Amino acid sequence: MANTTPSLAPVRAQEASEAGALAATLLTRHDKILIVLMVGVPLTLDLLLIWGPTLASVVLSFTNWDGIGSVTGENFVGFKNYQFMLTGYTLFWPAFTHNLIWLAWLTFIATPLGMFLAVLLDREMRGTRIYQSVFFLPVVLSLVVVGFIWELQYTPTEGFINNAFGLVKSGKLIDWLGNPRINLFAVLVAASWRHIGYIMILYLAGLKSVDPSLREAARVDGATEVQTFFNVVLPVMAPINVIIVVVTAIEALRAFDIAFIINQGKNGLELLSILITNNSISEASLVGFGSAIAVILLVISLGPIILFLSRTMRTTA
Amino acid sequence: MVAVWLFPLFWAVYSSLRPISDTIQRGYVSWPGTLNFDNYTTVWTQAEIPYYYLNTLVIVVPGVILTLLLASMVAFCCTQFSWKFNLIVLMLFTAGNLLPPQVIIVPLYWIYLHTPIAMLGSIDISKFSFALFSDNNLLYDQYIGIILIHVVFQTGFATFVLSNYMKTITKEITESALVDGANVLRIWWSVVLPLCRPALAAMATLLFTFMYNDFFWALILLKSSDKRPITTALNNLQGQFFVDNNLVAAGALLACIPPIIVYILLQKHFVAGLTLGSTKG
């Protein structure tokens, strides 16, 4: 899901309050009621369907509720779900590790590659628009389609890779998606195909906004291009870098679709997001236990979310 | 590098154009004997692809419009007027959109199974039937349920981006309109929204793609196979209908044609939507 917010622009509360204070005196009662409604309706929906369920997940994580009837005092079991999750449940640590590997792969391989492409394409070279379009193309595809397209590369006897390298003929088939030791990485290659273009476009927008005179000055001072990038451009881009870090982290935590498409998140592709749904919705209706996993995912997500909010909502007073 | 990037897509197109008999005879990596659109015709007619396109459309069009309406209202009120909680409200919307959907899915699933919704008949288009509001008195397994969660979830994102954009509009415009006696609803609709046209176009393009590409909400919150949008339908066809790789390729490519068309036609809006605010303000 590519819908992590990549925008920046600090909220200018200061400015807003100065000009807004003027407007407020002009508002009639009728206007004030309208404003309450215009904000209130969407806000109520947001609280009911996003924040309510978030809090409910936290509460349910302390229960053994199975989703039937109502939650009563007897359902509360303290930290039992967490205890079982951390010690008895054999899928938790693999899934946790896979999410970490996902995050590390995106952070140290895919995201830097996207940034590198952006730097390359930022220079006024011929055909840069076409290159941009090509690298960005996978970003508009759904992860379901990305999964299918890569299955055509990976399937053991019919896929392109094994056939092209003669592994089918020689009988040394590599089961890219079935072998639990390599399938996570095969999937990460597919996910990166999409992620790299996304980061590239975000970073490119940032690079375009860097004042050209800064680079000019650095060049006059005799800095090499690499020096200019690391000592001049990168620091100026600090706000964009935060966005990129947040987008990358959120993408890694949200990973679900592509693993689900390939083998429903089993056998080497377990992820926290998939364990949540498998436990509480599809298989067992272990609502309380699934919620405990959801809380773990929530707590990890709060890191990048708070980082994002603190950077973007900071007042420029 | 560009060739590497395009290769998976090229390979999918190539596979989709080859009849399976040709592939079996000559091997998967080989020069083609025949190329035709038979796989597409098979998928199109036998897998009911047009029906799933229509399902997607029924979800995405109202979804995008409602999201833009709600988000622009919130953004308008939070940027043009100052009141105690406008920063908090913006934060709630923004942070809500950043949560992994799986964090909220368990209680949401319960809400969907327990919210009564009126049944108001259905609209029939030839052999397709679309229920108005609900056909089982619930939010679960309904178009309206999927639209609702898309709207609420994406309103967070759209509010954030639109409010960044609206901050660049001077408040004097709103003030002078107020002095002229216009009410806020009117200012929002006929003064501020027209000024936001570029941002709205960018958001519409982006939201279309997000909602079109959604897999998770439809997977969990829909049950009937005849209501599935194209992404989840594709997943279901896997194994049942897709007996060979060439059919898989044709199905996957059919599913990605609409977003690719949108991307090609509206590339500027698309990229603008993703980067809006990062260079402004």
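A residue is called buried if 20 or more other C-beta atoms lie within 10 Å of its own, exposed if 12 or fewer do, and partly exposed in between, with C-beta atoms placed from the backbone. The model shown is predicted: local features need pLDDT of at least 70 and side-chain atom pairs count only at pLDDT 80 or more, while totals for chains, interfaces and linings use all residues. Residues are numbered from 1 along each chain as its sequence is written, and chains are lettered from A and ligands numbered from 1 in the order in which they are written.

**View 1. Chain B as a whole.** Of the 281 residues in chain B, 53% are buried. The C-alpha trace of chain B spans about 80 × 50 × 35 Å along its principal axes. Chain B has 14 helices and 2 strands; these are DSSP runs numbered from the N terminus, helices being H or I with at least four residues and strands E with at least two. Two residues are in contact if their C-beta atoms, placed from the backbone, lie within 7 Å. Among contacts in chain B with a separation of 6 or more, 71% join residues 24 or more positions apart.

**View 2. The side of chain B that touches chain A.** Here 88 residues of chain B are in contact with 92 residues of chain A. Helix α5 of chain B (residues 86-98) gives the largest share of this side, 11 residues. The side of chain B divides into 58 nonpolar, 26 polar and 4 charged residues, where Ala, Val, Leu, Ile, Met, Phe, Trp, Tyr, Cys and Pro count as nonpolar, Asp, Glu, Lys and Arg as charged, and the others, Gly among them, as polar.

**View 3. Helix α2 of chain A against helix α6 of chain B.** The axes of α2(A) (residues 29-60) and α6(B) (residues 101-114) are 8 Å apart, at an angle of about 90 degrees. Axes are lines fitted to C-alpha atoms, for helices over the stretch in contact, and angles run from 0 to 180 degrees between N-to-C directions. The two helices, α2(A) and α6(B), are therefore roughly perpendicular, a term for angles of 65 to 115 degrees. Residues of α2(A) including A:L49, A:P53 and A:L60 meet residues of α6(B), among them B:V103 and B:P107. The residues of this contact comprise 10 nonpolar, 2 polar and no charged.

**View 4. Surroundings of A:A118.** A:A118 lies in helix α4 (residues 92-122) of chain A. A:A118 is buried, because 24 other C-beta atoms lie within 10 Å. Leaving aside neighbours within four places in sequence, A:A118 is in contact with A:M200, A:Y203, A:L204 and A:L207.

How values were computed: Angles under 35 degrees count as roughly parallel, over 145 as roughly antiparallel, 65 to 115 as roughly perpendicular and the rest as oblique.
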